[in-house]
Amino acid sequence: MSRLADWWRRVNVALQPGPSDPGRAAVAYPELSRTDRAAFLRCEGYLLWEIVDSRSSGRQIAGRGDAPATNGWVVVPGRAHSGLIEDTKGKGPGTAVMAAVVQWLVDAGALRPLTASVRAAIAESTVAERLRDLPEYHRSEDDARRAWDDDLWEVDPRRMLVVYPHLAAANADWRRAAGC
């Protein structure tokens, strides 16, 4: 009977939401139809993976030494959308939906655009790093360039914690940002 009870508990355990689970924002979502909301939340989930790791991305950029300074918290929505499209074999929401999620976060003050010169400089350093570190890209700079290399946004960690208070438990960077 004990094995059956253990199995029952395992099967019926309530799953704890993770930091990148969509639909947990503390601010109002845009009014959308059911279908559009599902696509919006799908993009939000993928972007949240980027947001959780935004401090790490910022450190990577700063570690290159040749990239301009940011506040140290950077996301690349295009990379998140590319992952979504790859995971769904091209059947996921379009780039316009990811742009709507980004705009919603910009409107909430949680994301800020970087200047064109800063974006370009970071993109150049990203391509240079790719060419230097990954032998399969040594053919040319054009082969190493990705569509999302210029799609960079700066995260305001305080405002992002207002939108997603649960990020305070995501990792050490977010705990420090939350003052925990």
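**View 1. A nonpolar surface patch includes W7.** L4, W7, W8 and V11 form this patch, with about 450 Å² of accessible area together. Nonpolar side chains are joined within 5 Å. Areas come from the Shrake-Rupley method with a 1.4 Å probe. W7 sits in helix α1, residues 2-11.

The model is predicted: local features need pLDDT of at least 70, side-chain atom pairs count only at pLDDT 80 or more, and totals for chains, interfaces and linings use all residues. Residues are numbered from 1 along each chain as its sequence is written, and side-chain values use heavy atoms, without hydrogens or water.

**View 2. Three strands make an open sheet.** The order is β1-β3-β2, and pairing is antiparallel. Strands are DSSP runs of E, at least two residues; helices are runs of H or I, at least four. Pairing takes at least two DSSP bridges.

**View 3. β1 meets β3.** Two bridges join β1 to β3 (residues 153-155). V74 stands opposite E154 in β3.

**View 4. The chain as setting for the close-ups.** It has nine helices and three strands. Of its 180 residues, 39% are buried (under 20% relative accessible area). The C-alpha trace spans about 65 × 35 × 35 Å along its principal axes.

Notes. Patches are made of residues with over 30% relative accessible area and no salt bridge: like charges are joined within 9 Å, nonpolar side chains (Val, Leu, Ile, Met, Phe, Trp, Tyr) within 5 Å. A salt bridge is a side-chain nitrogen of Lys or Arg within 4 Å of a carboxyl oxygen of Asp or Glu. Buried means under 20% relative accessible area, exposed over 50%, partly exposed in between (1.4 Å probe, protein chains only).
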